[in-house]
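User: Hi! Could you walk me through this structure? I'd like to start with one piece of it and then zoom out.

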Amino acid sequence: GETAENGVWEAINCFGTNWDIDAMDFPAMFAQATQQARAVMDTPALQPIGGMQALMMRPTEVELVRECFRWLFNDDDGDLKKRQGRVEMFADQINGRFRRVFPRLSKYTMNAANALFFLNLWEPHDNYFYHAAEAKAWAEYFDYEADFGGGTALDLPRYYTMCNDLLRELENYPELIALHKAYAAQELGGIEDSLHLLVYDILHTAYT
């Protein structure tokens, strides 16, 4: 807590508690569900969540954003190529609206890594948070192909393969798993992450 290392945990818990794709007041629900995520994802230079909130101040844009999320959150039976396609299409659709409505505000930008962030908030047990520098550092240390494609064209299958390898290795560390599960039970209110948050926390901590 003192070093704000629990930001993604708070974001997942907040999102899982408040998200409702069919909410009558979708902009208000979105603001509530992403209030912790915004602190993690948005920066002074790039504000994908802030941009969507500004976009939905125009009533004509609300249903488009809702349907983009409905499509992003479609089930894909574990097909990572399809998931990558949805991630890229979501970013393209939202960016198209940003450019049309806010042509002079480059800070309102959505990329594939941002879209993947939303998938993690929605299903942390089936996705992995991605931070380019952290992923590249881990990959290079363990001799993986380190080019994951960056924020605009993320190679999801390649990145998830590396994360899944680390996930399998965690079976050899029962004490670490027990600590993680105890913390998850306390901080996530029953949301299941299947140790995927632990995988990301290890990548993040190794880098920092």
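Analyst: Happy to! This is a predicted model. In helix 4, the buried residues are Pro48, Ile49, Gly50, Gly51, Met52, Ala54 and Leu55.

User: So how enclosed is helix 4 by the rest of the structure?

Analyst: Largely enclosed, because seven of the eight residues of helix 4 (residues 48-55) are buried.

User: Nice. Which helices do its buried residues pack against?

Analyst: The buried residues of helix 4 pack against helix 2 (26-33), helix 3, helix 5 (59-72), helix 6 (80-101) and helix 7.

User: Let's look at Gln35. Which helix is it in?

Analyst: Gln35 sits in helix 3, which covers residues 35-41.

User: Switching to the core. Which residues touch the most other members of the largest nonpolar core?

Analyst: That core has 69 residues, and the ones touching the most other members are Trp19, Phe26, Met52, Phe69, Phe90, Phe118 and Tyr159. Helix 7 (residues 112-122) gives the most to this core, with eight residues. Met52 also belongs to the buried set of helix 4.

User: What does Phe26 touch, leaving out residues up to four places away in sequence?

Analyst: Phe26 touches Trp19, Asp20, Ile21, Met56, Val62, Val65, Arg66 and Phe69. Trp19 and Phe69 are also among the core residues with the most contacts to other members.

User: Okay, zooming out. How many helices and strands does the chain have?

Analyst: Eleven helices and zero strands. The chain is as compact as a globular protein of 208 residues, because its radius of gyration is 17 Å, close to the 17 Å from the globule rule.

User: What does the C-alpha trace span along its principal axes?

Analyst: About 55 × 35 × 35 Å. Of the 208 residues, 47% count as buried.

User: And what about the surface and the charges?

Analyst: The accessible surface is about 10,900 Å², and carbon and sulfur atoms hold 51% of that. The chain carries 17 positive and 32 negative charges, whose mean positions lie 11 Å apart.

Methods: Residues numbered from 1 in each chain as written. Predicted model: local features only at pLDDT ≥ 70, side-chain atom pairs only at ≥ 80, totals over all residues. Heavy atoms only, no water. Core = buried A, V, L, I, M, F, W, Y, C linked by side-chain atoms within 4.5 Å. Buried < 20%, exposed > 50% of the residue type's maximum accessible area, 1.4 Å probe, protein only. Helix = DSSP H or I, 4+ residues; strand = E, 2+ residues; numbered from the N terminus. Contact = heavy atoms within 4.5 Å. Rg over C-alpha atoms; globule rule 2.2 N^0.38 Å. Areas by Shrake-Rupley, 256 points an atom, 1.4 Å probe, with all protein chains shown as cover. Lys, Arg positive; Asp, Glu negative; His and termini not counted. Charge placed at Lys NZ, Arg CZ, Asp CG, Glu CD.
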